[in-house]
Amino acid sequence: MTSRTTIPLPLRANRVHEACGAGRVGFAVATMALVRRTLWIRESWQGETLNPLGLADFCDPSQLLVAQTKDQTDMLAVAEEALRDGALPLVVLEITRPLNLREGRRLQLAAKAGKSIGLCLIPEGMGSNASETRWLCTPLFDPDDSTLMSWETIKNKSGTNGTWHVRWNAAARRFDVVCPAGKRPGSAGAAL
């Protein structure tokens with residue numbers, strides 16, 4: 001059953017957000033599908049690579065530009081320039097060490113200047129005080145659907161926190177909000 005509840009996506013423009021948890025890449029792909037053109041920045045030492053063709057079911061691979069940098073300092077410099085320029089509506093950064101307040105604030109100022117969205121993919125528990133929102137993204141087990149996820153706002157500077165269960169709707173090429181198990185209308189745990 002699909003709910004009429006809406007997820008606060010796309011993320012607020014002019015700001016930098018964070019996503020953590022095992023489903024953070026899926027969250028970034030969902031955001032990318034909504035805004036189209038994206039710069040994805042990662043450090044070159046990371047073993048795995050991002051294959052744009054692997055995202056073709058979710059978004060147009062030709063709209064993704066992948067940049068690899070020597071280290072996180074270079075990644076932050078590239079991200080700051082890209083956010084400030086505003087030519088790409090979304091800049092995704094795979095963060096490997098905590099950002100200090102100065103680094104986070106510089107990214108926020110750059111996003112504001114370029115009217116862009118920044119999304120930092122961070123290890124759990126490693127957030128920045130400067131981020132606008134922080135999302136905990138967790139895959140959920142469903143034997144019939146491998147795309148079921150829980151997206152929870154665990155930090156929100158300009159709104160309330162919430163949890164949404166989402167699944168990929170391949171026919172409509174979008175993520176749909178679904179009722180959590182046991183909370184569906186007619187179940188014992190559902191509110192009337």
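Helices (H or I, at least four residues) and strands (E, at least two) are taken here as DSSP runs, numbered from the N terminus. This is a predicted model, where local features need pLDDT of at least 70, side-chain atom pairs count only at pLDDT 80 or more, and totals for chains, interfaces and linings use all residues. Residues are numbered from 1 along each chain as its sequence is written, and side-chain values use heavy atoms, with hydrogens and water left out.

**The chain overall**
- You'll find 3 helices and 9 strands in the chain, and they run in the order β-α-β-β-α-β-α-β-β-β-β-β.
- Of the chain's 192 residues, 47% are buried (under 20% relative accessible area; exposed is over 50%, partly exposed is in between, with a 1.4 Å probe and protein chains only).
- Take the contacts (heavy atoms within 4.5 Å) with a separation of 6 or more: 68% of them join residues 24 or more positions apart.

**The cavity**
- Rolling a probe the size of a water molecule over the atoms shows where empty space is left.
- On a 1 Å grid over the protein atoms alone, a cavity is a set of points where a 1.4 Å probe fits but cannot get out, while a pocket is an open set with protein on both sides within 12 Å along at least five of seven lines; lining residues have an atom within 4 Å of a point.
- Grid points are joined across faces, edges and corners, and a volume is the space filled by probe spheres set on the points.
- That rule gives 1 cavity of 30 Å³ or more, and the largest cavity holds about 40 Å³ of space.
- Its lining includes Val 16, Leu 107 and Cys 120.
- Strand S1 (15–20) and helix H3 (101–114) each put at least two residues into that lining, with H3 giving the largest share, 3 residues.

**The second largest pocket**
- This pocket has a volume of about 180 Å³.
- It is lined by 13 residues, and Arg 24, Val 25, Arg 42, Glu 48 and Glu 94 are the closest to its centre.
- Helix H1 (24–35) and strand S2 (38–43) are the elements that give two or more residues to the pocket's lining.

**Leu 83**
- Leu 83 sits in helix H2 (residues 72–85) and is buried, at a relative accessible area of 0%.
- Leaving out residues up to four places away in sequence, Leu 83 touches Val 16, Leu 107 and Ser 116, among others.
- Leu 83 and Ser 116 are 33 residues apart along the chain, yet their C-alpha atoms are separated by 5.6 Å.
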